[in-house]
Amino acid sequence: MQLEKVYEPQRFEPHWAKWWEESSLFVADPSKPGEAFSIAIPPPNVTGALHIGHMLDHTLMDMVVRWNRMNGNNTLWTPGMDHAGIATQMVVERELVKQGTTRHQLGRIEFEKKVWEWKEESGGSIETQMRQIGDSVDWTRSRFTMDAGLSRAVREIFVRLYEKNLIYRGQYMVNWCPGCKTALSDLEVIHEDTQGSLWHVRYPVIGSDEFLVVATTRPETMLGDTAVAMNAKDERYLHLHGKMVMLPLVGREIPIILDDMADPEFGTGVVKITPAHDPNDFEAGKRHNLPHVKVIDETGAMTAEAGAYAGLDRFVARTKVLADLTALGLLEKTEPHNLPISKCQRCLTIVEPLVSMQWFVKMKPLAAPAIKAVEDGRIQFIPANFANTYYEWMYNIRDWCISRQLWWGHRVPAWHCANCSQITVARETPGACKHCGSASIEQDSDVLDTWFSSGLWPFSTLGWPDETEFLKRYYPTSVLITSYDIIFFWVARMIFMGLECTGQVPFHKVYIHGLVRDKNRKKMSKTAGNGIDPLVMTAKHGTDAVRMSLLAASAPGADIIWTEDRMDSSRAFANKIWNAARFLFLNMERANVEPWVPVEKESYLPEAVNGTVSLEDRWIFSRLNACADQMNKSLASYRFDEAAKTIWSFIWYEFCDWYVELKKLRFEEGSGLNAHWRNILTVFESALRMLHPAMPFLTEELWQRLAAGHGRKSSISISAYPKANTAAEDLEAEQQMALLQEIISSARNLRADAKLDPKEPFDASLYAGGAVAALADQQREAIERLANVKLSVLATDSPRESGPMRSTPGFDLVLAVSAGQLDALRGRLEKEIAELVKVITNSERQLSSEDFLKKAPEKILEGMRVKLAEYHAQREKSQQALAGITKT
């Protein structure tokens, strides 16, 4: 059962990923006992590939799912993919262009076939990657937001909301992307502050020689002005009430209207009204019954209504409009102006506000119960402060534009009648208009916003609208784990959709984690050039190391600063475990110990050897108990970072660094399976089970080697998670072990500080009394072997010989060195201290110079401050070492 000398996770990770799935270990069964624990994976885009944010998401979810499964809960983790309307259509359209055709040449039906073909052949690579990283999902229940069951759920909720007058259709101002050629919801628009200009344009007042000066950031839209507005209380313009102005460049007479949207305190107090191209002007147009003059079309080009500018790109038209206004003397002045630019989140095209016929969901009636569900505690945000983010959006929510001018997606289940112009909304495709009976009906060409179907994910994947066994058993789901950047996009929509469709919340808890950022705290992405492919990292360091590095850094709600050092540390931790296992397995062979694990229990007590339980066994079982207690508490409260640090500390510092080293003293060739071996293997096997949810591949590999041929459960993933056992708590052993560690560490540190050869044995004198002396006598072999000293325990109050010394409240420890070694050590320390004083003085002089501080880059200064702190620490350490050398 020897392990390979080098830890090479790539050798066994693919095997276990495949074996877990083939063994159906993670297939859910609603008829089985156990408390239900269910979680739905945030469905990644079918076009997507695993990025570092996914890796964080999936690691957190997998850890909590594996922990619940090992605790005996009936778990279901549902995988799946989102059809990603705009993204997928763009990918396929690009492929068609390469083939010399377009979707319009193919036609809608053939294009949809092409998308399905692409999905089957090229889409869903992310599911393959999910298998690679070991997601313990139920692959038999993988869903796709466009599959038959979910499509039926989408039609069902659309019809229900329509029948309750919560879905309506009408001409409204929407965010229009000329690049994607579709309407966008507010959440699909990003806003960037940009330095632009504010142009002041003169509008001649008809019948007088006066001008009204109007400021605008978008002069090309003035071609669609249908009024100018002033405030009725603005005394400067009382004489102009009821007058008309001439629209420059167009020659159209437009009225002066009175409206409170004109602020007398801002600018000239006069504003232009363009109902077809500005949301505020759109509302003003409705109040004053103004006509809409559309001068920019869906491609971003000027329309025929723009007159001489027709056919020009909107930004080219802007340049020409400004030139013509200048030539006519109508451009009064131009000022620099900071303004927010709205862009399409998908393609970054500047969004154009356009009036368009769209489908909307009335949000206020749906938002109210969704707000109450969080207020009354049925849904709990972790950390709690993210509930405020949720409230802020929900209290200010606007109606949701759900229609998209695409061909790929859930088509709006509405049919328009050519005979009576009425609309028939239905769950199934109708044969005739329900209003007049005509067969001349055609389905609405729009598709639904991708988030409409994603909002149904927690329950539609379980069979809703049917009352399935899975829905009854696993809904509401237990927790949603996601990042804070999609609280609005997805979390809120699932909550109001879940309440509307099922009458229940979709999940009880929402755990919010942060984003992964680079060392400069910038969000990682391909477009920013700082993205990291997690599969490259897993190939280099192993999946478990990547997982552990993310877990250890994942404080609730806080962003993770990604560095290569994190990966190196986690790889070293995995290597430490591998080497400990290799050492154990090698010595098991020498001792004729067959592969063995204890009879499965949640907790254990140490076994006595010759009627006595050794100090190290009492201590490690007490620490194992404390570790199990903390692990379960941390995971129950979603403190993944605490759990990672707890198990790391136990395995590395307590089990490997101390317990295994002490147990080496007990190993005997040919001993067979004695109590020493049963104790250490029990602790090791329990530690593997505690670690498994965080590092599943490594733990499965080692557990299988340990449990070979013993008729155990087939996998560590379905074994019992360790629990705290109060009977194993032994505070006396922990105190004694802490003292033993302090004695051994003192001897090691003295040797290191004095730069003495670690392989050279030294005599050491321990000056102590009472319990300390008794413990040192009892553990003499451990101290001598682990510190490489020959120990004398003396009851004298103070040391009498010269040598490096360490004093503590409980003992004094002196290493016996020759007079020559002592003089050399003293001289070396004095020289080192003198050199450090020089360096410190010079650094402090530079850092106190105002001239130097002004010239040196901040990065250099910060590096010098760090170095100075290191010099101070080293000087203090050397001074302590010098003081520790007793005088003869």
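This is a predicted model: local features need pLDDT of at least 70, side-chain atom pairs count only at pLDDT 80 or more; totals for chains, interfaces and linings use all residues.
**View 1. Arg103, a buried arginine in helix α4.** Helix α4 spans residues 103-106, and Arg103 lies in it. With a relative accessible area of 8%, Arg103 counts as buried, because the cut-off for that is under 20%. So what does Arg103 touch, leaving aside its neighbours within four places in sequence? Its contacts are Gln89, Glu93, Leu96, Phe111 and Trp407.

**View 2. The buried side of things in helix α11.** Take a look at residues 386-395, which make up α11. Buried here are Phe386, Ala387, Tyr390, Tyr391, Trp393 and Met394.

**View 3. Helix α17 packing with helix α18.** Here α17 (residues 543-553) meets α18 (residues 564-590) at an angle of about 115°, and the axes are 8 Å apart. The crossing is right-handed. From α17 come Ala545, Val546, Met548, Ser549 and Ala553, while α18 brings Arg566, Met567, Ser570, Arg571 and Phe573. Sorted by class, that contact has six nonpolar, two polar and two charged residues.

**View 4. Helix α17 again, now with helix α22.** α22 covers residues 696-706, and its axis is 7 Å from that of α17, with an angle of about 130° between the two. The pair is therefore oblique. On the α17 side, Thr543, Asp544 and Arg547 make the contact; on the α22 side, Pro696, Phe697 and Leu698 do. The tally for this contact is three nonpolar, one polar and two charged residues.

Key:
Residues are numbered from 1 along each chain as its sequence is written. Side-chain values use heavy atoms; hydrogens and water are left out. Helices (H or I, at least four residues) and strands (E, at least two) are DSSP runs, numbered from the N terminus. Buried means under 20% relative accessible area, exposed over 50%, partly exposed in between (1.4 Å probe, protein chains only). Contact means heavy atoms within 4.5 Å. Axes are lines fitted to C-alpha atoms, for helices over the stretch in contact, and angles run from 0 to 180 degrees between N-to-C directions. A crossing is left-handed if the near helix is turned anticlockwise from the far one by less than a right angle, and right-handed if clockwise. Ala, Val, Leu, Ile, Met, Phe, Trp, Tyr, Cys and Pro count as nonpolar, Asp, Glu, Lys and Arg as charged, and the others, Gly among them, as polar. Angles under 35 degrees count as roughly parallel, over 145 as roughly antiparallel, 65 to 115 as roughly perpendicular and the rest as oblique.
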